[in-house]
Amino acid sequence: MTTPVTVIGAGLGGLTLARVLHLNGVPVTVYDADASADARTQGGQLDLHEQNGQLARAVAGLTEEYRSIIHHGGGAQRVLDQHGAVLAELPDDGSMARPEALRGDIRRILLESLPAGAVQWGKKYLSATPLGAGRHELTFADGSTAVSGLLVGADGTWSKVRTLLSDEQPVYAGMSYVDTYLHDVDARHPGAAKAVGNGAMYALKPGRGFLAHREAGDVIHTYIVLNRPVEWFAGIDFADADAARKRITAEFKSWAPELVSLITDGETGPVLRSIHRLPDRHRWDRIPGVTLLGDAAHVTLPGGEGANLAMLDGAELGQAIAAHPSDPETALAAYEEIMFRRSESEAIAARETIELIFGAGAPQGLVDLFNGGDGDRD
């Protein structure tokens with residue numbers, strides 16, 4: 001490989017890229033700002049889909065490792081009304097179409113598949129200076145530098161690598177999630193455990209609701225979803241966990257106690273996840289030696305495909321580079337042509353999914369979808 005690859009960001013997309021490059025004998029180094037692989041939690045449970053996430057996993061040669069971390073039974077789904085009544089329900093059918101696993105476990109098997117030293121921790125990327133012929137000098141917060149022949153930004157929504165290619169910045173999407181966790185739920189939180197069931201639970205009204213997952217280890221991870229301006233959330237002191245819980249709970253005064261307990265009984269402080277998005281048709285002109293994948297390239301509304309698309313981006317980019325080892329520009333152009341079309345269509349689909357789940361017809365749209373026999377969760 002005449003042009004070693006540098007990846008900024010050790011998320012699922014960047015690690016999938018690194019794994020595929022490693023399998024093809026392409027030198028690659030991943031730089032990440034975290035001090036170590038375990039420096040912070042990696043989010044909740046997600047389902048890898050056959051047409052993207054599982055395809056990427058297969059390209060990465062990690063099928064057996066993935067099967068070992070699946071949360072069997074976690075694919076069950078139900079929709080509740082605000083009073084806790086079940087409106088629609090689908091069991092886990094045991095298929096491998098969209099099996100559930102913890103994001104942290106998926107990341108772990110990717111990290112374990114790479115050689116020692118492939119990921120450099122504690123390297124917060126600051127900027128890149130073009131050196132010509134597609135090469136860049138990278139500067140990190142610790143004062144160190146590195147030279148990349150091919151630079152890939154896999155650094156998420158607020159990507160700093162993106163500034164080399166695009167002036168676009170994500171804008172607030174009008175909605176935010178607030179994360180909460182309950183542990184040892186069958187013994188300590190039986191009401192919430194019964195309401196959530198064995199898989200995913202949706203309790204919805206227009207513009208608000210609960211999305212909860214029963215995760216492996218007797219854990220319930222809940223996203224409280226509210227359509228509120230960013231200024232509304234700015235008025236809440238999330239550093240004061242009790243005050244934040246009280247303010248969020250006030251938005252659900254008439255809801256069933258077992259649902260409200262997902263907020264009030266939270267055993268970790270509530271964490272705000274403001275949703276931002278790039279334009280549906282976010283593209284850039286080809287600039288030598290640099291590209292993006294995942295949320296850095298196409299962050300959009302949370303329609304259920306984000307991690308899956310990041311992994312597929314990484315797999316396909318890795319294949320393109322391996323197919324053109326001495327012509328990275330041909331590889332990047334081929335990758336971007338496919339990725340641009342796919343990300344635009346998925347962004348549009350994500351908006352339709354959010355409207356179905358949280359729009360003016362909630363929860364009836366999701367109930368109708370379930371009762372129509374299509375159990376795919378978007």
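**A helix and its surroundings**

Guide: Contact here means heavy atoms within 4.5 Å. The helix α13 covers residues 364-371, and its buried residues are G365, L366, V367 and F370. Buried means under 20% relative accessible area, exposed means over 50%, and partly exposed lies in between, with a 1.4 Å probe and protein chains only. Helices (H or I, at least four residues) and strands (E, at least two) are DSSP runs, numbered from the N terminus.

This is a predicted model, in which local features need pLDDT of at least 70 and side-chain atom pairs count only at pLDDT 80 or more, while totals for chains, interfaces and linings use all residues. Residues are numbered from 1 along each chain as its sequence is written, and side-chain values use heavy atoms, with hydrogens and water left out.

Next, the sheets. Strands of a sheet pair through backbone hydrogen bonds, in either a parallel or an antiparallel sense. Two strands are taken as paired if DSSP finds at least two bridges between them. Strand β11 (residues 150-153) runs parallel to β17 and is joined to it by three bridges. In one of these pairings, G153 has L292 of β17 as its bridge partner.

Another open sheet has three strands, ordered β8-β9-β10, and here the pairing is antiparallel. Because β8 (125-132) and β10 (145-148) stand at the edges with a single partner strand each, one side of each is left without a neighbour in the sheet. From one strand to the next the twist averages 25°; the axes are lines fitted to C-alpha atoms, for helices over the stretch in contact, and angles run from 0 to 180 degrees between N-to-C directions. Six bridges hold the antiparallel pairing of β8 with strand β9 (residues 135-140). Y125 has F140 of β9 as its bridge partner.

The charged pairs come next. A salt bridge is a side-chain nitrogen of Lys or Arg within 4 Å of a carboxyl oxygen of Asp or Glu, and by this rule the count is 23. E251 and R228 form one of them, at 2.4 Å from N to O. This pair links distant parts of the chain, 23 residues apart: E251 is in the loop between α8 (241-249) and α9 (257-264), and R228 is in the loop between β15 (219-226) and α7 (230-234). Both E251 and R228 are buried.

D34 bridges to R40, with the closest N and O atoms 2.9 Å apart. D34 counts as buried because its relative accessibility is 12%. D218 and R214 meet at 3.5 Å, N to O. R214 has 11% relative accessibility and so counts as buried, whereas D218, with a relative accessible area of 21%, is partly exposed. D105, R108 and E112 are linked in a network of salt bridges.

A last stop is a loop residue. N52 lies in the loop between β3 (45-47) and α2 (53-59). Its relative accessibility is 2%, so N52 counts as buried. Leaving aside residues up to four places away in sequence, N52 touches E305, N308, L309 and L312.
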